[in-house]
Amino acid sequence: MKFFNMIIFTVLLVGVSHAFQLKMSNTVPGNAPCAQICAGAKKGGWFSKGSGNTVYIQNDVNFSECGFKAGTRPVVTTTLNDEGAYAVGGNIDNFFSAANTGFQFEVLLGLSNDHYDRSDTVATANDKGWTINWTAVGYIC
């Protein structure tokens, strides 16, 4: 929550103290005056999903309150961290199924014949406060 408050404060400070302009790349077509930045953090809610010999955990991030236009897909960037000294991550951090209302985030930890246990990993991620920090830039009209 502190991270989210810091982002809001920074955005408000920049907006009040300086005029700024948001530009979208021409690879993301849309109405420039309708461009919007939305940011947040998702803590907890990790679960295991899938089958086979890969060990990964997943989380769903909902940003429907950002109000991005239906049928569009905002540009999303993410980071993953925790509350303490625990080493976060694995081989691959990935988000997918991005839409105007959110995305799914997955951490691939290894193969099931490695030392990872899927249930312990989910508990660790939730207990240690693994947090997905995200920023989405898209159009609201």
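This is a predicted model: local features need pLDDT of at least 70, side-chain atom pairs count only at pLDDT 80 or more; totals for chains, interfaces and linings use all residues.

Trainee: What makes the approach of Thr72 to the backbone oxygen of Lys69 a polar contact?

Mentor: A polar atom of the Thr72 side chain lies 2.5 Å from that oxygen, and the limit is 3.5 Å, so the distance qualifies.

Trainee: Where is Thr72 found, and why is Thr72 called partly exposed?

Mentor: Thr72 sits in the loop between S3 and S4; strands (E, at least two residues) and helices (H or I, at least four) are DSSP runs numbered from the N terminus. Its relative accessibility is 25%.

Trainee: Which residues is Thr72 in contact with, leaving aside neighbours within four places in sequence?

Mentor: Those are Ala99, Asn100 and Tyr139, where contact means heavy atoms within 4.5 Å. The C-alpha atoms of Thr72 and Asn100 are separated by 5.6 Å, although the two residues are 28 residues apart along the chain.

Trainee: How do you know that Asn133 is buried?

Mentor: Asn133 has 9% relative accessibility, which is under the limit, so it counts as buried. This residue belongs to strand S7 (residues 131-139), and its side chain makes a polar contact of 2.8 Å with that of Asn81.

Trainee: What makes Cys34 and Cys141 a disulfide?

Mentor: In general, a disulfide is a covalent bond between the sulfur atoms of two cysteines. The test here is a pair of cysteine sulfur atoms within 2.5 Å. For Cys34 and Cys141 the sulfur atoms are 1.5 Å apart, so the pair passes. The angle about the S-S bond is -75°, a left-handed link. Cys34 lies in the loop between helix H1 (2-17) and S1, and Cys141 in the segment after S7, 107 residues apart. Cys34, at 5%, is buried, whereas Cys141, at 45%, counts as partly exposed.

Trainee: How many disulfides does this rule give?

Mentor: Two. Cys38 is joined to Cys66 with S to S 1.9 Å, and this link is left-handed too, with -65° about the bond. It connects strand S1 with the loop between S3 and S4, 28 residues apart. Counting bonded cysteines along the chain, the pattern is 1-4, 2-3.

Trainee: Why is the pair of Trp46 and Phe105 called edge-to-face?

Mentor: Rings of Phe, Tyr and Trp (its six-membered ring) pair if their centres lie within 6.5 Å; planes under 30 degrees apart count as stacked, over 60 as edge-to-face and the rest as tilted. Trp46 is in the loop between strand S1 (35-43) and strand S2 (47-48) and Phe105 in strand S6 (residues 102-111), so the pair ties together parts 59 residues apart in sequence.

Trainee: What makes Phe63 and Phe103 tilted instead?

Mentor: Their centres are 6.1 Å apart and their planes at 50°, so the pair is tilted. Phe63 is buried at 0%, and Phe103 at 2%. Ring pairs also link Phe63, Phe68, Phe103 and Trp134 into a cluster.

Trainee: Which residues touch the most other members of the largest nonpolar core?

Mentor: Of its 20 residues, these are Trp46, Phe63, Phe103, Val107, Trp130 and Trp134. A nonpolar core is a set of buried Ala, Val, Leu, Ile, Met, Phe, Trp, Tyr and Cys residues joined through side-chain atoms within 4.5 Å. S6 gives the most, with four residues.

Technical notes:
Residues are numbered from 1 along each chain as its sequence is written. Side-chain values use heavy atoms; hydrogens and water are left out. Buried means under 20% relative accessible area, exposed over 50%, partly exposed in between (1.4 Å probe, protein chains only). A polar contact is a pair of N or O atoms within 3.5 Å; within protein, one must be able to donate a hydrogen and the other to accept it, and residues adjacent in sequence count only if both atoms are side-chain atoms.
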